[in-house]
Amino acid sequence: MRKSQKILLGIFLTGVFLCGVGSGVAIGEFTSMAYLGERQLGEDMQVTENFDFAFDPAEGDIKVQRPRFVYRGKTQVVLEEDPKVPENTVRFETTYIPECADLFVEFEEELIDDVNEPETEERRTQRTIWLDRRYYDCFPVIVREKDAIIEDLKNHSFASYQMHPIYEIVVKVNPDTAELVQFED
């Protein structure tokens with residue numbers, strides 16, 4: 001029994017020693033790598049496209065809602081007045097990766113009491129619009145970017161790789177009809 005205990009103890013200590021050596025090699029290899037900071041994947045695949053929504057000012061004001069899929073701080077969403085945009089139109093100028101998302105303008109109508117004449121049965125329609133999307137799998141974009149990631153690893157460097165399917169959304173309206181558009185941020 002004593003001899004088998006010595007053999008088991010020897011095997012255990014050898015395993016501990018090998019794990020320590022392996023961990024040391026892994027830590028040494030990792031610390032020799034250079035950190036490159038943040039890198040955006042798919043930047044060369046992005047396009048800028050306009051999504052327009054025409055409205056009738058007689059139906060009431062338009063509320064533009066922040067897109068529901070945008071996380072604060074990740075995608076910039078701003079409102080601008082642009083004389084190139086046709087009157088009575090809200091334009092979503094969007095920079096995105098088409099392989100990851102299919103974008104479209106969505107709206108819903110709300111019935112609001114007319115505050116000027118509360119005794120009448122008249123109501124005016126007000127629309128809330130936002131940019132919406134059908135989401136696709138971004139894995140093919142990552143596969144196309146794998147060569148850059150592998151090249152970084154071969155050069156003993158790595159980065160914090162990120163991919164945002166939608167980079168920027170600029171909501172544009174004509175200055176003549178800007179007072180009819182309310183922007184919710």
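Predicted model: local features only at pLDDT ≥ 70, side-chain atom pairs only at ≥ 80, totals over all residues.
The structure contains 8 salt bridges. Side chains of opposite charge can pair when their charged atoms come close. One of these contacts joins Asp152 and Arg39, with a separation of 2.7 Å from N to O. Asp152 belongs to helix α3 (residues 146-154) and Arg39 to strand β1 (residues 34-40), so this pair ties together parts that are 113 residues apart in sequence. Asp152 is buried, its relative accessible area being 7%, whereas Arg39 is partly exposed at 32%.

A salt bridge is also formed between Arg144 and Glu99, whose closest N and O atoms lie 3.8 Å apart. Because Arg144 lies in helix α2 (residues 139-144) and Glu99 in the loop between β5 (89-96) and β6 (101-113), the contact ties together parts that are 45 residues apart in sequence. Arg144 is partly exposed, with a relative accessible area of 45%, and Glu99 is partly exposed, with a value of 34%.

Strands β7 (residues 123-135) and β6 contribute Arg134 and Asp102, respectively, so that their pairing ties together parts that are 32 residues apart in sequence. The closest N and O atoms of this salt bridge are 2.9 Å apart. Relative accessible areas of 43% for Arg134 and 29% for Asp102 place each residue in the partly exposed class.

Val16 is located in helix α1 (residues 2-31) and is partly exposed, with a relative accessible area of 45%.

Note on methods: Residues numbered from 1 in each chain as written. Heavy atoms only, no water. Helix = DSSP H or I, 4+ residues; strand = E, 2+ residues; numbered from the N terminus. Buried < 20%, exposed > 50% of the residue type's maximum accessible area, 1.4 Å probe, protein only. Salt bridge = Lys/Arg side-chain N within 4 Å of Asp/Glu carboxyl O.
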